[in-house]
Amino acid sequence: MTVESTAARKPRRSGAKRSTTARDTKKQPAGQTELVQLLTPEGERVEHPEYAIDPTPEELRGLYRDMVLTRRFDAEATTLQRQGELGLWASLLGQEAAQIGSGRALHDADYVFPTYREHGVAWCRGVDPTNLLGMFRGVNHGGWDPNSNNFHLYTIVIGSQTLHATGYAMGVAKDGADAAVLAYFGDGASSQGDVAESFTFSAVYNAPVVFFCQNNQWAISEPTEKQTRVPLYQRAQGFGFPGVRVDGNDVLACLAVTKAALERARTGQGPMLIEAFTYRMGAHTTSDDPTRYRSPEERELWETKDPILRLRTLLTREGLADDAYFADLERESDALAKRVRDAVRAMPDPEDMAMFEHIYADGHALVDEERAQFAEYQASFVTAEEGI
């Protein structure tokens, strides 16, 4: 799906034609330009002085479908973990707009470096949802080839992927490729030295990388106000490149801002930081209990800003989707959930010695020693059983 977006730095020409979906678009009130927003929680279109987007009805329905299916997959994965089928799961609940909007802004040649929560971005890059689950089931270290979709394997170490992204972007620039790199991280990772180092290197080398921070308000149990004295997007100024804060629950704003930032990177204008101001509706992972540090009132407030609900409101009010569309999508969601369940339960266990493969290209004496020790340990169980 391609949605045209431009950084509209000049006023709209008099008499310029608008799409029917934008006929009720309102000007964003003065004083609110710090947060880029194109679709309000009430499902109303608004304009922003620097970013504009004019999606077709089909594209709007496509964004809605992406978010609904991603949420359903995420919910199914959470349920599978509760049933003992997965060892852990990191839910994206509430962050669908940030991920789908930014993910759909990418060109095929662009490269993505995710954390461990970018299930929606993986969906946009064509990674089969079932491939995301192997690592969380403990049967592989990531079930897809990163170069097939230009989507790197999930990174568990907090913040390190921003360095990987910066180095890759520096290589893209040296190759003269018409591509950009998109690096995801969270508000908690913004406190890591790796992120600061990646900002420094990307600025100095003018690397074509966009840093996309999903500020979901909580670094596990640590609130953002205990990590920074200024809005996170303003940190970019100290490194010499621009930053912008976008409504992370507004899929249109996330799409428009990310498209502009990626195009800026591709055209040699260097890095940019996007702070998607959103909210983690669920637990940090399935091992976390957010009720121990968050109030129910806080969650209820963010429920009124739900990214899927606001787009559905727009689609319904503008007559761009009917009951049949929503019913078909519900059936598609059910089919996806069943496919995910069946695929997870059918995943074969890895060979016992597989963990020692593909560590070093030419082998390593220490790995060989560890392999031999583990093989001896495994054999001891067989010996014990034979002796019974």
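**Charges, rings and burial**

Tutor: Start with a salt bridge: the side chains of D342 and K338 meet, N to O, at 2.8 Å. Keep in mind that this is a predicted model.

Student: Where do D342 and K338 lie?
Tutor: Both are in helix α12. They are four residues apart, about one turn of the helix.

Student: How exposed are D342 and K338?
Tutor: D342 has 39% relative accessibility, so it counts as partly exposed. K338 is at 45% and counts as partly exposed too.

Student: How many salt bridges does the structure hold?
Tutor: There are 19. Side chains of opposite charge can pair when their charged atoms come close.

Student: Which side chain does R341 meet in a salt bridge?
Tutor: That of E76, with 3.1 Å from N to O. This pair links distant parts of the chain.

Student: What about R104? What does its side chain meet?
Tutor: D66, in a salt bridge of 2.8 Å, N to O. R104 lies in the loop between α2 and β6 (111-113), and D66 lies in helix α1, so the pair ties together parts 38 residues apart in sequence.

Student: And are R104 and D66 buried or exposed?
Tutor: Both are buried.

Student: Which residues are linked in a network of salt bridges?
Tutor: E34, R245 and E275.

Student: OK, switching to rings. How many aromatic pairs are there?
Tutor: The structure holds 25. One of them is Y64 with Y325. That pair is tilted, with 6.3 Å centre to centre and 45° between the planes.

Student: Why does that pair tie together separate parts of the sequence?
Tutor: Because Y64 sits in helix α1 (residues 57-82) and Y325 in helix α12 (residues 323-345), parts that are 261 residues apart in sequence.

Student: Y64 and Y325: buried or exposed?
Tutor: Y64 counts as buried, because its relative accessibility is 4%. Y325 is buried as well, with a relative accessible area of 19%. The cut-off for buried is under 20%.

Student: Which cluster do ring pairs make?
Tutor: They link F73, W89, F136, W144, F151 and Y154. So the F151 and Y154 rings belong to that cluster, given the ring-pair links.

Student: What about charges over rings? Where does the charged end of R312 sit?
Tutor: Over the ring of F326, 3.8 Å from its centre. The charged end of K305 sits over the ring of W302, at 4.3 Å from the centre.

Student: New topic: glycine. Where's G103?
Tutor: In helix α2 (residues 96-103). At 5% relative accessibility, G103 counts as buried.

Student: What is G103 in contact with, leaving aside neighbours within four places in sequence?
Tutor: V121, C124 and Y184. There is also a C-alpha separation to quote: G103 and G120 are 7.4 Å apart, at 17 residues along the chain.

Student: Zoom out. How many helices and strands?
Tutor: The secondary structure comes to 13 helices and twelve strands.

Student: And what share of the residues is buried?
Tutor: 50% of the 388 residues.

Student: How much accessible surface does the protein have?
Tutor: About 18700 Å². Carbon and sulfur atoms account for 51% of that.

Student: Last one. Of the contacts with a separation of 6 or more, what share is between residues 24 or more positions apart?
Tutor: 74%.

Notes: Residues numbered from 1 in each chain as written. Predicted model: local features only at pLDDT ≥ 70, side-chain atom pairs only at ≥ 80, totals over all residues. Heavy atoms only, no water. Helix = DSSP H or I, 4+ residues; strand = E, 2+ residues; numbered from the N terminus. Buried < 20%, exposed > 50% of the residue type's maximum accessible area, 1.4 Å probe, protein only. Contact = heavy atoms within 4.5 Å. Phe/Tyr/Trp six-rings, centres within 6.5 Å; stacked < 30°, edge-to-face > 60°. Lys NZ or Arg CZ within 6 Å of the ring centre and 35° of its normal. Salt bridge = Lys/Arg side-chain N within 4 Å of Asp/Glu carboxyl O. Areas by Shrake-Rupley, 256 points an atom, 1.4 Å probe, with all protein chains shown as cover.
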